[in-house]
Amino acid sequence: YQRRVHGYQTYLNQTQQTSEFKYWEATTLKPVIDEVVQVTNMSYADIRKMFKSLLTQLAPFYCHSSPFPGDISMNLMAKIAKTSVEFWKFVFSYPPLRAWLAAPHLSDLLPILKMAIKGEPPKEKIVHWSAHDVTLFPILALFDYYPKTWASYGSHLMFELWESRTQGKMSIRVIYNGQLVPMNCADDFGMCSASEVLSYLEAGLPSDWTKYCRASV
């Protein structure tokens with residue numbers, strides 16, 4: 001567990017060292033943090049350190065219609081939410097960290113899809129996994145899809161496997177919260193060939209599991 005946390009933090013730090021992130025931080029993130037500092041008793045350094053989880057900490061106040069800490073207004077809350085989504089977009093678009101977050105679920109999902117495509121579907125018609133917001137978004141990022149708002153409670157991602165009765169062709173449709181996930185390979189019904197969707201997903205798996213797990217054996 002300690003190695004996994006250390007690896008996550010290492011990749012997160014690398015993400016924030018890119019020139020694109022530093023420019024965004026100076027022009028977009030800093031003004032929002034400055035506003036938060038003005039209405040709280042916290043320092044800029046403290047807010048910056050916790051910003052990646054700030055939205056998560058404020059969400060319960062919003063959901064229960066309770067006053068926000070300090071004098072944080074709804075307008076400022078909206079800025080925090082928008083900026084948080086942009087922050088995590090940098091994280092999820094960075095391949096090493098995206099793999100770090102998405103790989104555990106993909107390593108379960110891919111074998112099931114591959115078996116079904118080979119004509120060996122599992123007995124279960126529907127397979128469910130429980131996940132987090134930071135699990136859904138890295139997988140969506142594999143399709144170059146970044147939702148404009150943070151995942152709400154109850155958000156879900158579905159992979160529908162279809163077989164053509166006439167052609168025997170296997171297709172996959174990806175749906176996020178009831179909306180088709182746009183893919184370059186999709187037809188008018190949102191269907192992509194199974195092989196193309198698998199190639200998207202396999203791109204999220206580490207090429208070197210030993211390095212990924214920071215294993216010593």
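Serine 193 of this predicted model counts as buried because its relative accessibility is 18%, which falls under the 20% limit for that class. The residue belongs to strand S4, which covers residues 191-193, and once its neighbours within four places in sequence are left aside, serine 193 is in contact with Lys169, Met170 and Ser171.

Strand S4 also includes position 192 within its range of residues 191-193, and cysteine 192 is joined to cysteine 185 by a disulfide with an S to S distance of 1.9 Å. A disulfide is a covalent bond between the sulfur atoms of two cysteines. The link of cysteine 185 and cysteine 192 is right-handed, with 105° about the S-S bond, and both of these cysteines are buried. A search of the whole structure finds one disulfide. Cysteine 63, by contrast, counts as partly exposed because its relative accessibility is 43%.

The C-alpha trace spans about 65 × 45 × 30 Å along its principal axes, and 37% of the 217 residues count as buried. Among the contacts with a separation of 6 or more, 56% are between residues 24 or more positions apart. The accessible surface comes to about 13,300 Å², and 55% of that area belongs to carbon and sulfur atoms.

The protein carries 21 positive and 19 negative charges, whose mean positions are 4 Å apart, and the structure holds six salt bridges. One of them pairs lysine 30 with aspartate 34 at 3.0 Å, N to O; both residues lie in helix H2 (residues 19-39), four residues apart, or about one turn of the helix. Lysine 30 is partly exposed at 38% relative accessibility, and aspartate 34 is likewise partly exposed, with a relative accessible area of 26%.

Another salt bridge joins the side chains of glutamate 35 and lysine 79 at 2.8 Å, N to O. Because glutamate 35 lies in helix H2 and lysine 79 in helix H4 (residues 74-92), this pair ties together parts that are 44 residues apart in sequence. Glutamate 35 is partly exposed at 28%, as is lysine 79 at 31%.

Within helix H4, glutamate 86 and lysine 82 are four residues apart, about one turn of the helix, and their side chains meet in a salt bridge of 2.7 Å, N to O. Glutamate 86 counts as partly exposed at 23% relative accessibility, whereas lysine 82, at 52%, counts as exposed.

Note on methods: Residues numbered from 1 in each chain as written. Predicted model: local features only at pLDDT ≥ 70, side-chain atom pairs only at ≥ 80, totals over all residues. Heavy atoms only, no water. Disulfide = S-S within 2.5 Å. Buried < 20%, exposed > 50% of the residue type's maximum accessible area, 1.4 Å probe, protein only. Contact = heavy atoms within 4.5 Å. Areas by Shrake-Rupley, 256 points an atom, 1.4 Å probe, with all protein chains shown as cover. Lys, Arg positive; Asp, Glu negative; His and termini not counted. Charge placed at Lys NZ, Arg CZ, Asp CG, Glu CD. Helix = DSSP H or I, 4+ residues; strand = E, 2+ residues; numbered from the N terminus. Salt bridge = Lys/Arg side-chain N within 4 Å of Asp/Glu carboxyl O.
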